[in-house]
Amino acid sequence: MSASLLGLFGVSFLAATLLPAQSELGLSGLIALGTEPVVLLVAAASLGNTLGSMVNWGLGRAATAWSTASWFPVKPDKLAKATGWYHRYGRWSLLLSWVPIIGDPLTLAAGVLKEPFWSFTLLVAIAKTARYVAVALITLQVI
């Protein structure tokens, strides 16, 4: 695997966790360079971002014990908002896991509310991959 694919995977992984990172810019830049097949770039970004969301889900499973700690990365009001979305729309809200600001807390809330791992993974992978496909199509000026 090339360094650019590994780097994109890493940035995409970090972007899905509660740490700040811009994977869309990385994907667009690498597509513009043209050194890697677009399909591989989208796959690396999608896999990294989905795996990062799995970390959030795992943190959510343990969040009830940690959510009030000062070091916990999601403030109680954001977690409450994401939990409210999750209660209102159920697991289908995970299709919004790609949305900035609410997406990461939503994946955390899914863990808190004990969403089964496999349905979580499937819905998040669909959402994350769709976002990167859209970024790739926009970068290639297809849409």
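How much space lies in the largest pocket? I looked this up in a predicted model and noted about 500 Å³.

**Pocket lining**

I listed the residues around the largest pocket and got 25. Ala 15, Thr 17, Pro 100, Ile 101 and Asp 104 lie nearest the centre of the pocket. I then asked which elements give two or more residues to this lining, and found α1 (3–16), α2 (23–33), α5 (103–112) and α6 (117–139). Helix α5 gives the most, with three residues. By residue class, I recorded 13 nonpolar, six polar and six charged in the lining.

**Salt bridges**

I searched for salt bridges next and found two in the structure.

The first entry is Arg 131 with Glu 24, whose side chains meet at 3.2 Å, N to O. I placed Arg 131 in helix α6 and Glu 24 in helix α2; the two are 107 residues apart, and the pair links distant parts of the chain. I checked accessibility for both partners. Arg 131 has a relative accessible area of 13% and is therefore buried, as the cut-off is under 20%. Glu 24, at 23%, is partly exposed.

The other entry is Glu 115 with Arg 91, with side chains meeting at 2.8 Å, N to O. I found Glu 115 in the loop between α5 and α6, and Arg 91 in the loop between α4 (76–89) and α5. They are 24 residues apart, and this pair also links distant parts of the chain. Is Glu 115 buried or exposed? I noted 5% relative accessibility, so Glu 115 counts as buried. Arg 91, at 36% relative accessibility, counts as partly exposed.

Key. Residues are numbered from 1 along each chain as its sequence is written. This is a predicted model: local features need pLDDT of at least 70, side-chain atom pairs count only at pLDDT 80 or more; totals for chains, interfaces and linings use all residues. Side-chain values use heavy atoms; hydrogens and water are left out. On a 1 Å grid over the protein atoms alone, a cavity is a set of points where a 1.4 Å probe fits but cannot get out, and a pocket is an open set with protein on both sides within 12 Å along at least five of seven lines; lining residues have an atom within 4 Å of a point. Grid points are joined across faces, edges and corners, and a volume is the space filled by probe spheres set on the points. Helices (H or I, at least four residues) and strands (E, at least two) are DSSP runs, numbered from the N terminus. Ala, Val, Leu, Ile, Met, Phe, Trp, Tyr, Cys and Pro count as nonpolar, Asp, Glu, Lys and Arg as charged, and the others, Gly among them, as polar. A salt bridge is a side-chain nitrogen of Lys or Arg within 4 Å of a carboxyl oxygen of Asp or Glu. Buried means under 20% relative accessible area, exposed over 50%, partly exposed in between (1.4 Å probe, protein chains only).
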